[in-house]
Amino acid sequence: MATLLAFAGSNSSTSINFKLIKYTVSKIEGQNVQLLNLANFPFPMYSADYEREKGYSNSLVELKGDIEQADGLIISVNEHNSNPSAYFKNVLDWLSRLELKFLADKKVFLMSTSGGRRGGVGSLKVIEGLLPRFGAEVVETFSLPSFHDNFDEEKGISDADMAEEHLKKLNEFLTKI
């Protein structure tokens, strides 16, 4: 049984990417899944001065530890103006200060969603290119466009073709961990 860590790269209490993450992990059986809500992790904006004066927060060290214990990660990134949110970029900056290769040998299922038709694909592409720098292997990607039209709070992904594609990519990811 593999250990998976799942979270959205958002600090919003109403994150649609976190809703996608919760739906995704509900489809996983026979694995040990840890679901984190990063909205509960208030990291200060990274600066070398802050790091020098105050060091690293316990939350950051614990998050890095959770990543180290996982065999694979499921991440859904939000998008602000076609890029990753400042919050998620900040989390990556902090983690890389603890250890540049904090994702060494981690397999990742990377997702995104947004209210628009592009489904957060701008952010997804940026993060897909960035994670290998930290040692990750992005095994699969999935983008859900028009979240409010294609996602039902009770049923999950409501478009049958997109639901099938999502499940296929999730299962492919699971075969690689």
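Here's a quick briefing on a strand pairing and the salt bridges in this structure. It's a predicted model, so local features need pLDDT of at least 70 and side-chain atom pairs count only at pLDDT 80 or more, while totals for chains, interfaces and linings use all residues. Residues are numbered from 1 along each chain as its sequence is written, and side-chain values use heavy atoms, leaving out hydrogens and water.

**Strands and crossover**
- Strands E1 (residues 3-8) and E2 (residues 32-36) run parallel, joined by five bridges; two strands pair if DSSP finds at least two bridges between them.
- Phenylalanine 7 has leucine 36 in E2 as its bridge partner.
- From E1 the chain goes through helix H1 (residues 16-26) to E2, a right-handed β-α-β crossover (clockwise from first strand over the helix to the second, with the strands pointing away from the viewer).
- Helices (H or I, at least four residues) and strands (E, at least two) are DSSP runs, numbered from the N terminus.

**Salt bridges**
- With a Lys or Arg side-chain nitrogen within 4 Å of an Asp or Glu carboxyl oxygen as the rule, the count is 10 salt bridges.
- Lys64, Glu68 and Glu99 are linked in a salt-bridge network.
- Aspartate 93 pairs with lysine 89, with closest N and O atoms 2.6 Å apart; the two sit four residues apart in helix H4 (residues 86-98), about one helical turn.
- In helix H7 (residues 160-176), glutamate 165 and lysine 169 are four residues apart, and their closest N and O atoms are 3.4 Å apart in a salt bridge.

- Aspartate 93 is partly exposed at 23% relative accessibility (buried is under 20%, exposed over 50%, partly exposed in between; 1.4 Å probe, protein chains only).
- Lysine 89 is partly exposed at 38%.
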